[in-house]
Amino acid sequence: MKPTPVRRILWVIAVLLLLGLLMAGLARAQPVHIRDDKGREVSLPRPPQRIVSLLPSLTESVCELEQCHRLVGVDRYSNWPEAVIAKLPKVGGGLDPSIEAVVALKPDVVLMSVSSRASDRLEALGLTVVQLEPKTHADVRRVLGTVSDLLGVPRAQGSDRLWRVIDAGVLAAAQSLPPKAKNVRVYFEVSRGPYAAGEASFIGESLTRLGVRNVVPAALGPFPRLNPEFVVRANPDIIMIGNRSMQAMVPYPGWASMRAIRENRLCVFGPGDSDVVVRPGPRMAEAARIMARCIADKAS
């Protein structure tokens with residue numbers, strides 16, 4: 001009996017679905033070879049299926065690459081996307097996690113920052129460690145690519161697509177600002193100290209793209225610790241504070257004399273927004289929108 005057009009279409013669809021499943025299976029089975037930010041070559045027989053992430057920006061990157069289901073544990077600060085991350089075991093801080101808790105999860109790979117002190121102990125116990133630490137926009141793009149490769153997600157559908165979304169979002173945030181915001185002088189504090197976001201940091205680069213001027217020059221490094229008097233002398237037009245600690249509200253000596261403080265040109269981001277603006281990862285476009293709103297509101 002000659003097949004009907006409908007049957008022929010169904011057969012074609014079935015064949016295409018089967019080919020798609022086969023190709024996905026082959027992709028998952030492909031060996032992984034990457035280089036992490038410690039300069040180490042990491043090789044795995046296939047993309048990891050059980051991942052512990054000890055850095056919030058890396059946790060978010062895994063999820064934005066649509067691989068949240070591979071996470072089996074995270075550090076105490078990873079909290080987004082909340083619907084998924086809230087259900088996962090917490091293994092302590094990123095710099096000093098509970099080694100026993102990490103090992104108990106039997107991960108194929110542990111993602112962590114370059115500055116973590118736990119890498120040697122975890123490797124001595126036979127775990128595969130990948131250390132990544134983005135500090136600039138270029139770093140974020142590179143790290144997203146490395147994570148994409150580690151997960152076996154083709155860059156065209158993974159990191160490259162995600163970076164285009166981030167880049168377009170930052171551009172849109174810049175275009176949303178009124179002319180009065182042009183060249184406004186901004187100081188951004190990332191944590192009590194004060195530790196600032198310099199021009200060379202990913203936050204500083206976002207501020208530059210928003211068309212404002214950072215009072216902390218690149219020569220001081222990405223996140224320098226400053227003498228509070230430095231900020232008084234710089235006398236910024238707007239102050240942003242991305243510190244989740246309530247200590248952010250405690251004034252530094254001499255700051256009351258600054259125009260930004262006297263005229264309430266100060267944005268103290270709450271815990272949710274602070275998490276967004278200080279993490280170098282897939283939510284950087286949202287971070288740019290948050291900072292743009294502050295600038296538009298406080299610029300004279």
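Biologist: What makes Arg192 count as lying over the face of Tyr252?

Modeller: A charge sits over a ring if NZ of Lys or CZ of Arg is within 6 Å of the ring centre and within 35 degrees of the ring normal. Arg192 is at 3.9 Å from the ring centre of Tyr252 and lies over its face, so the term applies. This is a predicted model, in which local features need pLDDT of at least 70 and side-chain atom pairs count only at pLDDT 80 or more, while totals for chains, interfaces and linings use all residues. Residues are numbered from 1 along each chain as its sequence is written, and side-chain values use heavy atoms, with hydrogens and water left out.

Biologist: Which residues form a cluster through ring pairs?

Modeller: Tyr187, Tyr252 and Trp255 are linked in this way.

Biologist: Why is the pair of Phe188 and Phe269 called tilted?

Modeller: Rings of Phe, Tyr and Trp (its six-membered ring) pair if their centres lie within 6.5 Å; planes under 30 degrees apart count as stacked, over 60 as edge-to-face and the rest as tilted. Phe188 and Phe269 are 6.3 Å apart centre to centre, with 35° between the planes, so they pair and the pair is tilted. Phe188 lies in strand 7 and Phe269 in the loop between strand 11 and helix 11, so the pair ties together parts that are 81 residues apart in sequence. Helices (H or I, at least four residues) and strands (E, at least two) are DSSP runs, numbered from the N terminus.

Biologist: How do you know whether Phe188 is buried or exposed?

Modeller: Buried means under 20% relative accessible area, exposed over 50%, and partly exposed in between (1.4 Å probe, protein chains only). Phe188 has 0%, so it is buried. Phe269 has 8% and is therefore buried.

Biologist: What makes the link between Asp275 and Asn79 a polar contact?

Modeller: A polar contact is a pair of N or O atoms within 3.5 Å; within protein, one must be able to donate a hydrogen and the other to accept it, and residues adjacent in sequence count only if both atoms are side-chain atoms. The side chains of Asp275 and Asn79 make such a contact at 2.9 Å. Asp275, in helix 11, is buried, with a relative accessible area of 5%.

Biologist: How do you know that strand 5 and strand 6 pair?

Modeller: Two strands pair if DSSP finds at least two bridges between them. Strand 5 and strand 6 have three bridges, in the parallel sense, so they pair. Met112 has Gln131 in strand 6 as its bridge partner.
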